[in-house]
Amino acid sequence: MTQAQEPRYLIGLMSGTSTDGADGVLAAFSGTDRPQIVASASRPMPTALRAQLLDLNRAGNNELERAGLASCQLADLYAQVVDDLLAQANLPASRIAAIGAHGQTVRHRPELGFTIQLNAPARLAENTGIAVVADFRSRDVAAGGQGAPLVPAFHEAMFASEQTVTVLNLGGIANISILRSSQDVTGFDTGPANVLLDMWCLAHTGESYDKDGAWSAGGTVHQPLLDALIEGEPWLALPPPKSTGRDLFNHTWLQTRLAGFEAIAPQDVQATLRAFTAETVAQAIGRHAADSQTLIVCGGGTGNRALLEDLQSRLPGVQLSTSDAHGIASQSMEALAFAWLAHAFLSGHSAGTPSVTGARRKTILGCLYPA
């Protein structure tokens, strides 16, 4: 009798556009089976580090030193999440094949040939005693691709079926993966998800996010403002492949588009920003995945009940559910994706998806920092 092969344990770490914290999962990979989450953990982003990361999204004084210091602090936060995961799973660091660590995107300019994720993977490897796979985007960009979104290949591995399925990630930015049987996966960023909502909520309530979407639910959508937000942004009408981030959808973008709408109550602006996210997602699905009857939603935005209701009302023929109903906790999805990408790297699998990013060819994503 052949003894069952030991699973390969990997850790995935993610701190997204919302910069609210660092999420991690420890997962067991066995052959072609879906990876099993053994442990999950999150640490809130320290206030000073979050402010620094957000500030580094735009040009400023002494950027190189500030970026270096922030990278070290972020790696230390990642290491704390790794410690939490190991303790929860009761596993030693020596049992972990690698950590997949995405880092924090502060510039994403694939049209200029570069993308920057702050990280200190060598420091993370040194502090944890575990090999680190990082820098997942730049090889795809070097091959002429967008370098984003990275998750459609992972979504395909998790949720592919005989019918067309769309997977929607509601992080700071929204992106969709379109899974069709016997066809290459496609996907792209659709526009803001939580980034503008969180920004506006913090400025007007002092809360870092709109819990359950309750504040926006008490407001009224201002249709002329919604029309202006959609019609006034050319990026939304671009065909895929496309990706975006805080380089475009930031405080300056929002303030510019609110000019002339100063009389609108802040709560109504929040309701309109929620509708902006829902409408841009619905339009993207209508244009590129009209044959999809299933929408699986993941990411931090799944906690915004008003947003999910808004999405369902705009997609009446689509069965909407969260990834939790399909066996993967929505808050853990992106971290699991980076464990999967690290697993792909160690296996020599080309996880790059030209059908998503527009790259010239499939590439192996990531760079290895040995333990």
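**Ground rules.** I am working with a predicted model, where local features need pLDDT of at least 70, side-chain atom pairs count only at pLDDT 80 or more, and totals for chains, interfaces and linings use all residues. Residues are numbered from 1 along each chain as its sequence is written, and side-chain values use heavy atoms, with hydrogens and water left out.

**Whole chain.** I looked up the secondary structure and found 13 helices and 13 strands (DSSP runs: H or I of at least four residues, E of at least two, numbered from the N terminus). I then checked burial: 55% of the 371 residues are buried (under 20% relative accessible area, 1.4 Å probe, protein chains only). The C-alpha atoms fill a box of roughly 70 × 50 × 40 Å along the principal axes.

**Aspartate 23.** I found aspartate 23 in strand E2, residues 21-29. Aspartate 23 is buried but has no salt bridge (a side-chain nitrogen of Lys or Arg within 4 Å of a carboxyl oxygen of Asp or Glu). Where is the nearest side chain of opposite charge? It belongs to arginine 43, 10 Å away. I did find a side-chain polar contact with the side chain of serine 42, at 2.6 Å (N or O atoms within 3.5 Å, one able to donate a hydrogen and the other to accept it).

I turned to E5 (residues 104-109) and E6 (residues 114-118), which run antiparallel and are joined by five bridges (pairing takes at least two DSSP bridges). Glutamine 104 stands opposite leucine 118. Four residues lie between the strands, and glycine 113 in the turn has a positive phi of about 90°.

Note on methods
Buried < 20%, exposed > 50% of the residue type's maximum accessible area, 1.4 Å probe, protein only. Lys, Arg positive; Asp, Glu negative; His and termini not counted.
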